[in-house]
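Let's take a friendly walk through a protein model and look at how its charged side chains pair up. Have the structure open as you read.

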Amino acid sequence: MASSTKGFAKGCRVLMAAAKTSAAAASAQKTGAAATRPLTGILKPLPVSPSLGAFLGVSEASRTDVIKKVWQHIKLNNLQNPQNKREIFCDEKLKTLFDGKDKVGFLEIAKLLNPHFIKS
């Protein structure tokens with residue numbers, strides 16, 4: 001009886017090893033396919049207006065990258081209203097992007113940046 005248990009366990013190890021290698025190969029195929037897929041939507045780099053290009057230092061950027069850079073600028077220059085964190089005070093750089101407004105709500109930022117993306 002002990003010998004049949006050994007044979008059974010031995011066979012399972014071989015099956016489990018085969019399953020691990022096939023799972024690793026399948027995951028490698030998925031990551032390879034995802035890497036070659038073109039960027040779309042908010043991740044796709046688009047040409048930007050000259051004023052936004054001057055702010056970023058690039059001629060094209062994705063929407064997510066632009067939002068990240070704007071928020072970095074806001075945090076670095078301490079432009080958030082301390083009493084109302086949803087309100088952003090605009091310095092001269094942000095005024096060029098936000099139609100000359102002195103302050104904007106953080107939910108307005110994406111809407112105000114939309115005209116700076118040139119439709120292709």
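A search of the whole structure finds 4 salt bridges, a salt bridge being a side-chain nitrogen of Lys or Arg within 4 Å of a carboxyl oxygen of Asp or Glu. Side chains of opposite charge can pair when their charged atoms come close. Keep in mind that this is a predicted model, where local features need pLDDT of at least 70, side-chain atom pairs count only at pLDDT 80 or more, and totals for chains, interfaces and linings use all residues. Residues are numbered from 1 along each chain as its sequence is written, and side-chain values use heavy atoms, leaving out hydrogens and water.

Start with lysine 103, which forms a salt bridge with glutamate 87; their closest N and O atoms are 3.6 Å apart. Lysine 103 lies in strand S4 (residues 103-105) and glutamate 87 in strand S3 (residues 87-89), so this pair ties together parts that are 16 residues apart in sequence. Strands (E, at least two residues) and helices (H or I, at least four) are DSSP runs, numbered from the N terminus. Glutamate 87 counts as buried at 18% relative accessibility, whereas lysine 103 is partly exposed at 46%. Here buried means under 20% relative accessible area, exposed over 50%, and partly exposed in between (1.4 Å probe, protein chains only).

Now find lysine 95. Through shared partners, Glu92, Lys95 and Asp102 form one network.
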